[in-house]
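Me: I would like to learn how to read strand pairing and helix packing from a model. Please take one feature at a time.

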Amino acid sequence: MKWWQNAVIYQIYPRSFNDSNGDGIGDILGIISRLDYLEELGIDAIWLSPVYASPNDDNGYDISDYQAIHPDFGTMADMDRLITEAKSRDIRIVMDLVVNHTSDEHQWFVEAKKSKDNAYRDYYVWRDPVKGGPPNDLASAFSGSAWEYDEKTKQYYLHLFSKKQPDLNWENEAVRQAVYDMMNFWLDKGIGGFRMDVIDLIGKIPDEGITGNGPKLHEYLKEMHQETLKGRDVMTVGETWGATPETAKLYSDPEREELSMVFQFEHMQLDEQPGGMKWDLKELDLTELKKVLSKWQVELKDRGWNSLFWNNHDLPRIVSRFGNDTTYRVESAKLFAILLHLMKGTPYIYQGEEIGMTNRKIESIDEVDDIESINMYNERLKNGHSKDELIHAINTKGRDNARTPMQWSGEDQAGFTTGTPWLPVQSNYKDINVEAALSNKDSIFYMYKKLIQLRKDDPLIVWGDYELLLPGHSSIFAYKRSYQGRTWLVAANMSEQEERLELDEDEKTAKVIASNYEKEEIDLERAILQPFEAFTVELSK
């Protein structure tokens, strides 16, 4: 067994985690000072969002130097100390690898812009104008064209994200070798692996309109594995928005020697209108969510590996998104924990998820920091959408929801900083904070701690088969996990009404393993699930 197969990963968005020096920006020393908290939670690794040198056009996902630390976050000595201090607590550091693009302030691009025959020109994707305009109609994920005109050299460069994030040309062997050298620099420092940002885009063929899953993608990943990962005890997870179970097997089948696992986002796109974008909202259909999550559980059973998540730095808070973040906040936060952490795969916790942090509502675009939300707002406003509609979409799906500062205590600025935070603290911090969670044995935190320990203790969670129950039920999500003659039942009522649980089970009562209503046993014959109630029980052999 690989260490990451029964591990739980905790994502830190460093800008918002903990500020040690009062400048309002979280930093590496702030993370170090909270490692005991993460050790208490029981996590095995930290996925650290970028701390590299960056002009912060996209909050660090636009990197100007892969082997330097942004002064806002500290120094390389601080980074080395974080790796060492985490390791002493049996916690590994998984770095964010952002190599689809760099910042336009990276030295490679600064050189590339100087002339068409510069040695670094071919590090990026350049094309001549077509009929006086962009080479084609490829669109940026951050709105507008994916092509930006360079007046000096009279060519367009490709940027699938911000125009300050020019795409690297992975067809250039020199680019690939420079990336592998950089990866080995970090691996030699003793990190635990990489989370690979939009890695499915590196095989793009822009002239044919191909961005994700290009024909050379897996060739590049195999080469990367040989040059950097082979022989090392590390974990890799690729961000792959377009992955299907079939392509996920290509990425994560160990015999292919590419990645450990991928993030797939099919379940995270179910509250958007078919054919639309993330901002085109629709109500979640629970039967669709069950179908998608179950498909990934079953189809990756024997080949490949699954990642499990509800939240990250790009997604709104799950308790606000699919749950009830007011009356049943605690119950629904625990429900999502139970549902996810008892599935097969590697679970990821996003900072604040373990205390039930919620979305932060704004009333004006002036309160928004996120470039994606701002660009969408301006573009759609011009196209006739109303301000109210767009603000509602940002409140529902905007990335700032996940990026508000971590709520450590009920003190000023939630104990995140002694200064003015870079993004305002969520107003409910006096009630929702780590200090309060640690002092309450029935808190969301202790549910997460319990589930993490269960995964370490019981191979059924790691290796058991999965079977969906009641697939057509509009409110109840129930499934079984079975391993070596033992079976666990997991059931959750994702509604605000009581629901009868009608299962074809022989036994009348079962002892509870975990429950968000503090029950010791469940009467399976007459089970009535309370609003947002979730539990798991072991069934008789």
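Predicted model: local features only at pLDDT ≥ 70, side-chain atom pairs only at ≥ 80, totals over all residues.

Me: In which sense do β7 and β8 pair, and over how many bridges?

Reply: Strands of a sheet pair through backbone hydrogen bonds, either parallel or antiparallel. Here β7 and β8 (residues 155-158) are antiparallel, over 4 bridges. Two strands count as paired if DSSP finds at least two bridges between them; strands are DSSP E runs of at least two residues, helices H or I runs of at least four, numbered from the N terminus. The open sheet has the order β6-β8-β7, with β6 (126-127) and β7 (147-150) at its edges.

Me: Where do the side chains of β1 point?

Reply: In a regular strand the side chains alternate between the two faces of the sheet. In β1 (residues 9-12), I9 and Q11 point one way, Y10 and I12 the other, and all are buried (under 20% relative accessible area, 1.4 Å probe, protein chains only). I9 has A45 of β2 as a bridge partner and stands opposite Y348 in β13.

Me: How are α10 and α15 oriented to each other?

Reply: Angles between N-to-C directions run from 0 to 180 degrees, with axes fitted to C-alpha atoms over the stretch in contact. The axes of α10 (residues 329-341) and α15 (residues 444-457) come within 10 Å and cross at roughly 10°. The two helices are therefore roughly parallel (under 35 degrees).

Notes: Residues numbered from 1 in each chain as written. Heavy atoms only, no water. Parallel < 35°, antiparallel > 145°, perpendicular 65-115°, else oblique. Buried < 20%, exposed > 50% of the residue type's maximum accessible area, 1.4 Å probe, protein only.
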